[in-house]
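This report covers selected side-chain contacts, charge pairs and backbone features. The sequence and structure come first.

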Amino acid sequence: MKNIFSNLKGDLFGGITAGIVALPLALAFGVSSGLGPDAGLYGAIFIGFFAALFGGTPSQISGPTAPMTAVSLVVIAGIVAANNGDVEKALPSILLVFLLAGVLQILLGVIGVGKYIKYIPYPVVSGFMTAIGVIIIITQVLPAIGYYPKEDKDYVSEYTPMAEEVLLDKILKEEAGEGYLVLEDFKETQKRAAEVSEEHILIEAKTLAGNEAKSVIGTVKILPRALANIDWLELILALSTIIIIFGFKKITTAVPSTLVALLVVSGAAFAFNMDYRPIAEIPSGFPLPHFEMFTDFKFAQISPYLFAALSLAVLGAIDSLLTSVVADNMTKTKHNPNKELLGQGIGNSIASIFGGIPGAGATIRTVVNINAGGKTRLSGAIAAILLLVILLALGPVASQIPAAVLAGILVTVGIGVMDYKGLKAIPAMPKSEVAIMILVLLLSVFWDLVSAVGIGLIIASLIFMKKMGDLTAERSDVKPLLKERAWADEGTFPESLKSSVFIKHVKGPLFFGSTSDFQQLAKQIPKTASTVVIRMDRMQYMDQSGLYAMEDILVDLRRDNIEVLFVDVLDQPRYMMERIDIIPDLVSKEHIFDTFQDCTNYIKQKEKVLSERIPA
C-alpha cells in the first residue's frame, strides 16, 4: 500500500488528465463500434481500472483503442446481421466473443507468451496500423457529412428484393430444422411468408443497407449519393472539431485539444439550439452486468468469430506491450509483459460482462498520464474512477454531444494512428518487406483485418525462413558446390591423408531451412575418400528436420562403407541425435572427439595400423 501511494499527488494529476483525454475517445470508439457511446465508456472504465490494478506496467492507461475497435466492429456487424439487425438480440453473442478474447489474453499471460510478442514483424504491424487509420477515416466520412444510409429511403429501397430473399431463406432454414418442408407440402412456408409484413421487410432492408455502408468498399460505393445529400451543419461541426484539435495543439499541449474541441463545438451547437444529430442516449446509473450472455447466446453465431476473438487477444497484447515499451522509455522502468497480458485480459473480461467494448494499453493516454506526473497503477485507477463519476453525474449531458463531433474526433484519430515512419521508409526498405506492408494494408482495408494480419505473418515468416536458410547454408558451407575451407587448427593435418579424409564444416544451426542443401553432402565427397569428419564446433542447434537429414546422410555414407567421425558435438545436437539413436547406432561414441587434434590422432593411428597390415 505504501508503494501505491508513494506518488499520490503526481498520480492524482496524471489520472485526472488521462481520464479527461480518454472521455471523448471512449465515446467516439463506442459510437464507431456500433454498440453506442455507453459501450465505449464502459470499456474505458472497467479495462482502465482492472488493467491498472493487475497489469505489469504501473503507469499505463488502458481503454478502447482504434485497432481494437476496428476489429470489434467486424465482429459486431457480423453478429448483428445474423440477428436481423437487432443489436439487443445480438448483444449476448457479441459480449461472449469479447469475453473469450479477454480469457485468451489471460491464458497468453499465464503461459508466458508476452515475451514473444516482440517478434511480430514490423512490416505487418506497420501495414495494419496504417490500414486502421485509412479505415477509420473513410468510414467516418458519412457521419461527418451527416449522411446515414438507413435513413435514405431511395437507397434502402434498392435492398428490398434482397431483404425479401433473406427473410424467405430464414423461413426455409427454420422449417428445414423443424421438418415442415416436405411433410406439409410448402403450406407452412406459405403461411409464414404471409406473416412477413412490409415493416419486417423494411427493417431487413435497412439492416442490409447499413451493413453494406460500414465497410470501406461500401462507403466508397455510396459516396457519390452521400455527397449529393450533404447535411452542411453536420459537416461544419465535424470540420470545426478537426480544425480545433489540430490547431489548439499549436497553441498549447497543456490542455488536451480533443477535449477542447468536444466542449467548444458541442457547447456552441447546444447553446445556439442548432438542429444537429446527437449521439445515442447514454444510460444513467451504474452499468449492470449482462449475465444473459451465458444463457441467451447462440454458438452457431459466435463460432465464425472464434478466430476473431483470438485476433482481438493477440492484437490487444501487441497494442498494450508496444505502449508498455513507450512507458518504459519515459519512466526508465521495466514492465512485466506476462503480467500486463494478465491485467489486460482481466480488464477485457470484466468489461465484456458489463457491456463494454474491448481495449488495450493506449499510447497517447499513457504519455499524457506520465507527463502529468502519473507513475504508479493508482493513476490508471483514478482515470477510470473519473470516467465512472462522469457517467453517473453527466450521462444525460453527454448524450447531447453531436454525432458529427465524434466523427471529427475519429478522423483525427485515424490520421494519427497511421505509421508515417514506415510509409516514409518505403523507398529505402527491402522490396520483400515493402510488399508485405502494402499487402497487409490493402487486404485489411478492402477485405478483412484479421485475415490480413494472418496472411502477413505467414508470408513474413516464409520470407524470413528462406533468408535464414540461405544465410545459414552460405555460412555453414552446406551447399554442395562450395569448396570446404580449412579452419585454423587444420593447418597441420597430414597432406598424405587429405585424399582419403574429407572434412565437413557445419557453421550454424542445421534446421529445416538448410537441410535440402546439407542432404547433398555426398556430392562434395571425393571418390578417393574413405573417411568423413563432420565438425560441429559451431552448430549450436539442430531441429527435427536437421536431425533426420543428418540420419539420411549417415545411412548413405555407411552404405558406401565410408567411416564418419564427429568433432566437438555441442549439447543440444548431441541430445537430439541420442534421442533417435544416431548415437551410437550410426556413429559410435568412440568416433566422437572433443577436439580436432584428437580426431587427427585417431586417423593417423588407424592409417598406421592399416599400413602395417599391408605386406611389403
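Beyond its neighbours within four places in sequence, S444 is in contact with F128, A131, I135, L449 and A452. The model is a predicted one. S444 belongs to helix 22, which covers residues 431–446. The relative accessibility of S444 is 3%, so the residue counts as buried, because buried means under 20% relative accessible area.

**Salt bridges**

Side chains of opposite charge can pair when their charged atoms come close. The structure holds eleven salt bridges.

| Pair | N to O distance | Relative accessibility of each residue |
|---|---|---|
| E151 and R277 | 2.6 Å | E151 51%, R277 31% |
| R559 and D560 | 3.8 Å | R559 57%, D560 45% |
| E563 and K606 | 2.5 Å | E563 17%, K606 24% |

E151 is exposed at 51%, while R277 is partly exposed at 31%.

A salt bridge also joins E563 and K606, with the closest N and O atoms 2.5 Å apart. Since E563 lies in strand 5 and K606 in helix 28 (residues 596–613), this pair ties together parts that are 43 residues apart in sequence. Is E563 buried or exposed? With a relative accessible area of 17%, E563 is buried, because the cut-off for that class is under 20%. K606, at 24%, is partly exposed.

In the bridge between R559 and D560, the N to O distance is 3.8 Å. R559 is exposed, at 57%, and D560 is partly exposed, at 45%. Elsewhere, D489, E490, R535 and D537 are linked in a network of salt bridges.

**Positive patch and a distance along the chain**

Which residues form a positive surface patch? The patch is made up of K150, K153, K206 and K214. One of these, K214, lies in helix 11, residues 198–214. K214 has a relative accessible area of 34% and is partly exposed.

Another lysine, K221, is found in helix 12, residues 216–227. K221 counts as exposed, at 61% relative accessibility. K221 and L23 are 198 residues apart along the chain, and 33 Å separates their C-alpha atoms.

**Backbone geometry**

Most residues other than glycine have a negative phi, and most peptide bonds are trans. N273 has a positive phi, near 55°, and is not a glycine. N273 is placed in the loop between helix 14 (257–271) and helix 15 (299–302). The relative accessible area of N273 is 68%, so the residue is exposed.

D568 also has a positive phi, about 55°, although D568 is not a glycine. The position of D568 is the loop between strand 5 (563–567) and helix 26 (571–579). At 26% relative accessibility, D568 counts as partly exposed.

Where is a peptide bond cis? The bond from I583 to P584 is cis, with omega near 20°. P584 lies in helix 27, residues 582–585.

How values were computed. Residues are numbered from 1 along each chain as its sequence is written. This is a predicted model: local features need pLDDT of at least 70, side-chain atom pairs count only at pLDDT 80 or more; totals for chains, interfaces and linings use all residues. Side-chain values use heavy atoms; hydrogens and water are left out. Helices (H or I, at least four residues) and strands (E, at least two) are DSSP runs, numbered from the N terminus. Buried means under 20% relative accessible area, exposed over 50%, partly exposed in between (1.4 Å probe, protein chains only). Contact means heavy atoms within 4.5 Å. Patches are made of residues with over 30% relative accessible area and no salt bridge: like charges are joined within 9 Å, nonpolar side chains (Val, Leu, Ile, Met, Phe, Trp, Tyr) within 5 Å. Accessible areas come from the Shrake-Rupley method with a 1.4 Å probe; for residues, only the protein chains shown count as cover. A salt bridge is a side-chain nitrogen of Lys or Arg within 4 Å of a carboxyl oxygen of Asp or Glu. Lys and Arg count as positive and Asp and Glu as negative; His and the chain ends are not counted. The place of a charge is taken as NZ of Lys, CZ of Arg, CG of Asp or CD of Glu.
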